[in-house]
Each structure stands twice: as structure tokens, then as C-alpha cells.
Amino acid sequence: WDFFSKELQDILVEDDGVWLYKEMLHPDLKNLAFCGRASTFCSPLHASLQSLWLLDHYNGNIQLPSQQVMIDEIDQMRVFKRSVSHWVPQRSAAAQKYFYQLLDGLLTDMGFCYKRQPLMEQFSALAYAPVLEYFNQKCSGKRNLV
């Protein structure tokens with residue numbers, strides 16, 4: 001995080017990482033977003049869905065909750081991760097233990113109804129291939145498409 005100014009580092013960085021809403025947004029920094037920093041079982045898929053979520057948000061299809069709601073959700077995740085993980089400098093980015101919930105939350109926010117059966121379906125990024133097609137259809141005619 002050394003590439004950020006001292007002022008931004010003071011806002012963002014805690015001793016166990018940077019805690020963000022949806023693993024992407026800091027409630028105090030309106031014009032800054034991160035994609036792909038969460039460590040998951042399939043980080044490229046997660047980063048791709050994050051970028052689609054951000055595109056949907058910036059196109060006006062996803063409204064952010066209030067700053068307090070974002071702070072509360074970050075606080076809940078901080079408590080959870082600190083209770084189930086040993087301290088490491090990037091504990092905030094560790095997402096393996098709730099990987100499916102991250103993906104499902106992003107898809108739900110985008111209005112995508114996808115019925116996945118995680119205990120019975122072998123996981124693969126290809127299982128989420130219909131998402132890009134759905135998203136392109138949903139956004140057809142808008143600027144800044146993938």
C-alpha cells in the first residue's frame with residue numbers, strides 16, 4: 001500500500017489489511033474501487049464478477065447502501081475473519097471461507113438469478129459463463145460495456 005499517499009494509507013490500512021465493502025469499496029473514499037484483491041479459490045472469476053458489479057453500479061443499476069450500512073457490514077466481516085483466521089498482514093483479503101457467498105452476493109445485487117448447488121456441482125469458472133452473456137444482454141445499448 002506504499003504507493004498511496006500517507007493520508008490515504010491512514011484511511012485504508014489496518015494492521016491486518018484493508019477492509020472494504022464487498023471486498024471493493026471503502027465507505028470514506030467515493031472515487032476509489034479495488035477489483036481482484038480478495039484471495040479466493042478462483043480469484044480470476046471473483047475479480048471478473050467484481051468488475052461487472054462495478055460496471056453495473058457505475059451504470060446506475062446498483063445503488064450503494066448508506067455509508068453506515070457499509071461500515072456495519074465491514075465491521076461484521078472484520079469480526080468474523082478475526083475470529084476464524086490467524087493474524088496475517090492481509091487477513092482482510094482472505095475470502096476462501098466464504099467464497100460462494102461472495103459470488104452469490106455479487107450476482108444477486110446484479111439481479112442475476114442463478115441456481116447453484118455447491119455441494120453437488122463440481123466447481124468451475126465455466127459454471128458462471130452464462131453470467132457474462134446475461135450481463136451483456138441486460139446492458140445492451142449502454143456505454144462502457146465489457
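I started with the largest pocket of this predicted model, for which I noted a volume of about 300 Å³. I then looked up its lining, which consists of 16 residues, and wrote down Lys 22, Glu 73, Met 77, Tyr 98 and Leu 102 as those nearest the centre of the pocket. Sorting the lining by class, I found nine nonpolar, three polar and four charged residues.

Next I turned to the nonpolar packing, and I listed 21 residues in the largest nonpolar core, where Leu 49, Trp 53 and Met 110 touch the most other members. Helix H2 (43-58), H3, H4 and helix H5 (129-138) each supply at least two residues of this core, and H2 gives the most, with six residues. I also noted another core lying apart from it, with six residues that include Phe 4, Val 18, Leu 20 and Leu 29.

Finally I went back to H2, which has 16 residues and reaches 22 Å from its first C-alpha to its last, close to the 22 Å expected at 1.5 Å a residue. Which residues of H2 are buried? I wrote down Leu 45, His 46, Leu 49, Gln 50, Leu 52, Trp 53, Leu 54, Leu 55, Asp 56 and His 57. My last entry on this helix is that H2 is followed by Gly 60, which has a positive phi, near 90°.

How values were computed. Residues are numbered from 1 along each chain as its sequence is written. This is a predicted model: local features need pLDDT of at least 70, side-chain atom pairs count only at pLDDT 80 or more; totals for chains, interfaces and linings use all residues. Side-chain values use heavy atoms; hydrogens and water are left out. On a 1 Å grid over the protein atoms alone, a cavity is a set of points where a 1.4 Å probe fits but cannot get out, and a pocket is an open set with protein on both sides within 12 Å along at least five of seven lines; lining residues have an atom within 4 Å of a point. Grid points are joined across faces, edges and corners, and a volume is the space filled by probe spheres set on the points. Ala, Val, Leu, Ile, Met, Phe, Trp, Tyr, Cys and Pro count as nonpolar, Asp, Glu, Lys and Arg as charged, and the others, Gly among them, as polar. A nonpolar core is a set of buried Ala, Val, Leu, Ile, Met, Phe, Trp, Tyr and Cys residues joined through side-chain atoms within 4.5 Å. Buried means under 20% relative accessible area, exposed over 50%, partly exposed in between (1.4 Å probe, protein chains only). Helices (H or I, at least four residues) and strands (E, at least two) are DSSP runs, numbered from the N terminus. The expected span of a helix is 1.5 Å times one less than its number of residues.
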